[in-house]
Amino acid sequence: MRFVIIGAGRVGLRTARVLREEGHEVTLVERDRDIAERARTADFEVVEGDGSREDVLEEAGVADADALGALTSDLNVNFAACMIGKHNGCRTVMRIDEDYREEIYQKYADEVDEIVYPERLGAIGAKNALLGGSIRAIADIAQHLQVILFTITDESPMKGYTISEVALPAQARILAFGKKEASMGIPLPDDSLEAGDRIAVLADFDVLGEVRQLLVGVETPAAAAEMGGA
Amino acid sequence: MVTAYVMVKANTGEADRLKSEMVGLDGVESVNIVAGDVDFIVKVSVDQPAQVKEIVADHIQAIDGVEDTQTYISMD
């Protein structure tokens, strides 16, 4: 796919790197000469200019891009870039700087398909590092919905059972499964749960405790602490 | 006649509630939710400059969820 990323700072450049590693085509737009130069040194195609201007985004190829990521720290630039992107038929993703704004943009900004708040993602990582153990939050999907990766331990009540035998609460789904030291894949009903296997679950915050109890059993007090509100 | 534009920054996602509370104030002509580093631009139209201060300091800033305001008096 083809992507246009506005902003080559820490969020934009890192996003561009990940996309490129996965084989996608990325053009960056950056108005600061030094930052643009740094991105060029990393072999990125960079258009120097203001990402809220149509001619600059045209030069970056917005007309035939699949999606546009407005990832600068300036909300006005980000929103204007999304408006131009939407006009050109792109999927648009906008970075915000304070979490309360998520609700406002979701409701009022029709030009923005998705909103990202980098600090929240950083907080999930920090929380996982602090908790350690056999539970890792992967992503907040919605305000009350989270994807969690559990590692089966010797104490897991479900150890030795198969996926089809795991009776999760109604507001939880198994998304992926990986045997110990193997990569994650689509969960099959006959896969058996052994110590060291990993299982990714999408769950409502209300049933997280139940899911954790079922898959991990009793954990250390730190890991058993409230998982919500990353 | 004095016209002023008040930039309002919120600390809540409840934009609708803040908007309707501000729209209901005497002297407030319009309230728009905007993209950018402030959340609302409020247009105030009153007889005396002192009334601008009254609307902003006594009423807008007293609304729960309003973090900060910045007022610009129109010169034309």
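**Figure 1. Strand 1 and strand 3 of chain B, paired side by side.** In this predicted model, strand 1 (residues 2-10) of chain B runs antiparallel to strand 3 (residues 40-46) of chain B, and seven bridges link the two. Within this pairing, M7(B) has I41(B), a residue of strand 3 of chain B, as its bridge partner.

**Figure 2. The whole sheet of chain B, with its strand order.** The sheet of chain B is open and is built from four strands, which follow one another in the order 2-3-1-4 with antiparallel pairing. Strand 2 (28-33) and strand 4 (66-73) of chain B each have a single partner strand, because they stand at the edges, and so one side of each is left without a neighbour in the sheet. Going from one strand to the next, the twist averages 20 degrees.

**Figure 3. The helices that pack on the sheet of chain B.** Helix 1 (residues 15-23) of chain B packs on the sheet and touches strand 1, strand 2 and strand 3 of chain B, while its direction makes about 170 degrees with that of strand 2 of chain B. Helix 2 (residues 49-60) of chain B also packs on the sheet, where it touches strand 1, strand 2, strand 3 and strand 4 of chain B. The direction of helix 2 of chain B makes about 170 degrees with that of strand 4 of chain B.

**Figure 4. The interface between chain A and chain B.** On the side of chain A, eleven residues are in contact with 15 residues of chain B. Together the two chains bury about 1000 Å² between them, and 50% of this area lies on carbon and sulfur atoms. Of the area that chain A buries against chain B, 47% is supplied by Y100(A), I104(A) and Y108(A), which is more than any other three residues supply.

**Figure 5. A salt bridge across the interface.** Three salt bridges are counted between chain A and chain B. K107(A) forms a salt bridge with D16(B), and in this pair the closest N and O atoms are 2.2 Å apart.

**Figure 6. The domains of chain A and an annotated span.** The domain assignment divides chain A into domain 1 (2-116) and domain 2 (121-215), and the C-alpha centres of these two domains of chain A lie 33 Å apart. An unreviewed UniProt entry lists residues 135-217 of chain A as "domain: RCK C-terminal". In the model, this span of chain A is 10% helix and 35% strand, and the C-alpha atoms at its ends lie 11 Å apart.

Technical notes
Residues are numbered from 1 along each chain as its sequence is written. Chains are lettered from A and ligands numbered from 1 in the order in which they are written. This is a predicted model: local features need pLDDT of at least 70, side-chain atom pairs count only at pLDDT 80 or more; totals for chains, interfaces and linings use all residues. Side-chain values use heavy atoms; hydrogens and water are left out. UniProt positions are given in the numbering used here, feature names are shortened, and annotations may be inferred rather than shown by experiment. Two strands pair if DSSP finds at least two bridges between them. Axes are lines fitted to C-alpha atoms, for helices over the stretch in contact, and angles run from 0 to 180 degrees between N-to-C directions. Contact means heavy atoms within 4.5 Å. Domain bounds come from an automatic or database domain assignment. Buried area is the accessible area (1.4 Å probe) that two parts lose on being put together, summed over both. A salt bridge is a side-chain nitrogen of Lys or Arg within 4 Å of a carboxyl oxygen of Asp or Glu.
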